[in-house]
Amino acid sequence: MSELSTQLAAALPQDFGSGPDWVRALRGAGAEQFRAHGLPTRKDESWKYTGLGLLDQREIQLALTAETPVSGSTHPAPLVEAAFQVNILDGRILEQNGTQPTGLTVLPLAEALNGEVDGLQALLESLPDTQKEGSSGHGFTALNTATLGSGLLIHVAAGTDAGRLLINWSTLGGAVSRLFNTRVCIIVEQDAKLELLEQFESQNGSSNACNIVMQADLGEGAVLQHIRFQQESEDAVLVTRTEVSQQADSDYSHYGFDLGGGLVRHDLRTSLKGSGAKTGINGAYLLDGNRHVDNHTMVDHIAPGCSSDQYYRGVAGGSGRAVFNTAVYVHPGADGTEATQSNANILLSARAEVDTKPELEIYADEVIASHGATVGQLDEQAVFYLRSRGLSEKEARQLLTTAFCRSVSDKLTDPVLGEVISQRMMDVMPQAD
Amino acid sequence: MMLKITNLHAKVAGKEILKGLNLELKAGEVHAIMGPNGAGKSTLGNILAGREGYEVTGGEILFNGKNLLELEPEERACEGVFLAFQYPVEIPGVNNTYFLRAALNAQRKYRGEPELDSVSFLRLVREKLKVLHIGDELLHRAVNEGFSGGEKKRNEIFQMAVLEPTLAILDETDSGLDIDALKTVAEGVNRLRSEDRGMIVITHYQRLLDYIVPDKVHVLADGKLAATGGADLALKLEEQGYAWLEDGGIETLDIKPAGQTVNP
């Protein structure tokens with residue numbers, strides 16, 4: 001184990017905290033796994049291209065006790081208005097704005113763990129591979145489970161439309177770098193609907209690290225639209241994992257935008273457990289400087305007649321490094337599955353690097369699947385066409401790279417949000433060397 | 001003289017395509033350039049617009065007194081040169097209106113004119129569409145993406161109408177068009193004819209010249225002008241083809257050779 005892993009393991013509490021026995025048992029299992037294996041290393045297949053150098057070189061401390069949020073600290077303005085907004089600073093809920101719409105319940109997780117929330121225990125215990133897998137590949141999840149307590153429970157009652165919920169994540173810079181572990185549990189009951197917008201944007205160039213695990217359970221016919229917008233500083237480390245479980249006819253759509261961050265890793269897995277369930281996973285990542293963004297997606301087709309559609313676009317300039325790994329696994333019995341995977345990348349610099357890998361395993365019949373991954377340069381014919389109309393070469397290239405990424409933001413159902421995000425992308429668009 | 005091309009030599013992929021081309025165009029004139037395939041017609045258009053991959057090995061091009069070959073493609077555009085592409089490029093994700101406004105404002109900025117806000121721009125655009133009898137659906141689409149051949153060419157003419165160039169070069173704008181699309185394109189071009197605008201219409205067929213009547217017709221063959229005449233030259237070419245180029249030269253065709261002025 002690395003020095004950092006040893007140090008973090010030593011910082012874990014011995015008593016597994018307070019709360020019901022099952023919570024303490026989960027923490028214990030997480031701690032045990034973490035002490036045995038620590039954080040992931042490049043020897044783990046899924047971390048082959050992503051090292052934790054940015055964490056190792058800091059004296060990072062595990063944030064454990066509930067620290068009092070600094071009052072008066074400001075969160076960045078929300079990208080768009082939301083009916084209800086939760087501001088989370090340094091892993092703690094700072095404030096909640098707006099009135100909770102009918103059907104929506106947002107609770108601090110610590111409170112929910114001590115109460116009787118239907119389905120919460122099952123959801124937390126369902127997280128695959130924390131206990132089973134004996135490797136360090138899920139070290140961050142193990143650490144997150146070992147410190148389970150801070151975070152949110154989001155519940156949408158059956159048949160209700162909760163509208164848009166915004167979670168505004170941010171951390172404060174400080175003399176000491178700290179690692180925050182947060183868990184978000186989402187239960188969207190039958191035929192209920194939620195739009196979750198996550199905004200990650202720390203001010204003051206925070207050098208903290210966040211390790212966030214999100215688990216979502218979608219009942220029959222439930223709809224969850226999940227937008228994840230990240231524009232952290234180049235010192236920020238953000239490790240997130242999203243696990244989605246889908247019942248029949250449910251619809252999960254994900255839109256991830258990585259515009260910043262120093263070291264960013266996102267693992268997203270959806271499990272299609274009931275027939276007719278749909279999942280759409282879309283994302284764009286823009287890198288320059290020494291940024292490193294790693295997206296790992298996986299769709300488990302378990303039930304028959306489900307569909308999944310993945311669409312990622314990336315632009316890498318400077319010495320940026322992007323990793324994109326998408327896996328589709330069609331289990332025996334998942335007949336009639338439709339699955340597409342598309343990933344295209346533009347390299348703007350000779351020093352930038354993109355590692356993209358689509359994986360597809362099929363053990364069922366009548367499956368329609370397609371996948372494609374490309375890494376290339378801008379279309380020079382298009383550059384000339386734009387220049388021949390008066391745009392400078394720089395403007396032409398910027399317009400084309402933005403358009404390339406815009407194909408992702410244009411998929412958003414809210415055109416206003418799509419416009420705001422595409423403008424943000426244009427503002428940070430990496431330049432060609 | 002708006003455009004003066006003197007002894008232009010150019011290579012494409014190491015092969016000499018233009019071999020001493022001379023051409024003069026005054027403001028207000030429309031010249032047609034015809035000729036067999038491979039004669040260098042499109043090469044001329046692309047060199048004027050500044051496309052990469054064309055190596056000028058000799059000669060010069062003066063545009064309103066400026067050395068055109070020293071200018072970047074965008075500078076040429078801002079100076080008033082417009083090439084209507086033979087194969088307009090599809091640009092997914094770039095909205096046609098957004099692109100055109102960015103282009104117009106880039107040109108206005110270059111000329112020291114104030115940029116147009118989106119309201120004034122939209123007003124201008126609607127005016128042009130009306131004059132050209134083009135529907136406004138192409139405003140909302142990505143540049144040329146999924147356009148039919150006719151729509152692409154119409155979009156080129158529409159861009160030309162909005163950008164109001166001083167020198168417009170139409171590179172085989174008629175190719176692949178049905179008669180209705182051809183008429184729309186020709187009408188658009190005719191509406192843009194003016195005293196201070198020059199046009200070069202590159203075409204393989206005479207058909208377009210039924211609708212756009214040129215002041216001069218040049219025959220480009222083997223990298224230079226083989227003949228120059230009035231609008232009637234195009235008709236003769238239609239009847240007799242280009243076989244005379246190999247058969248026995250210009251004398252076999254009942255016209256005067258290049259360099260001599262033909263009264264229109």
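Predicted model: local features only at pLDDT ≥ 70, side-chain atom pairs only at ≥ 80, totals over all residues.
## Overall form of chain B

Chain B contains 8 helices and 12 strands. Its C-alpha trace extends over about 60 × 40 × 35 Å along the principal axes. For 264 residues, a compact globule would have a radius of gyration near 18 Å, and the value for chain B, 18 Å, agrees with this.

Among the 264 residues of chain B, 44% count as buried.

## The open antiparallel sheet of chain B

Chain B has an open sheet of 4 strands, arranged in the order E2-E1-E4-E5 with antiparallel pairing. Strand E2 (15-25) and strand E5 (66-67) of chain B form the edges, each pairing on one side only.

Within this sheet, strand E1 (residues 3-12) of chain B runs antiparallel to strand E4 (residues 54-63) of chain B, and the two are paired over 8 bridges.

## A strand of chain B covered on both faces

Strand E6 (residues 81-84) of chain B is covered on both faces. Val81(B) and Leu83(B) are buried on one side, and Phe82(B) and Ala84(B) are buried on the other.

The pairing of E6(B) with strand E9 (residues 167-171) of chain B is parallel and extends over 4 bridges. Phe82(B), one of the buried residues of E6(B), has Ala168(B) in E9(B) as its bridge partner.

## Helix H9 of chain A

Helix H9 of chain A comprises 14 residues (residues 415-428). At 1.5 Å a residue the helix should span 20 Å, and the distance of 20 Å between its end C-alpha atoms agrees with that expectation.

Leu417(A), Ile421(A), Ser422(A) and Met425(A) are buried in H9(A). These residues lie on the same side of H9(A), because they cover an arc of only 130° around the axis. On the other side of H9(A), the exposed residues are Pro415(A), Val416(A), Gln423(A) and Asp427(A).

The cover over the buried residues of H9(A) includes both strands and a helix of chain A. Among these elements are strand E10 (223-230), strand E12 (251-258) and strand E14 (278-287), together with helix H8 (393-409).

How values were computed
Residues numbered from 1 in each chain as written. Chains lettered and ligands numbered in written order. Pairing = 2+ DSSP bridges. Rg over C-alpha atoms; globule rule 2.2 N^0.38 Å. Buried ≥ 20, exposed ≤ 12 C-beta atoms within 10 Å, placed from the backbone. Expected span 1.5 Å × (residues − 1). Arc of directions from axis to C-beta. Contact = placed C-beta atoms within 7 Å.
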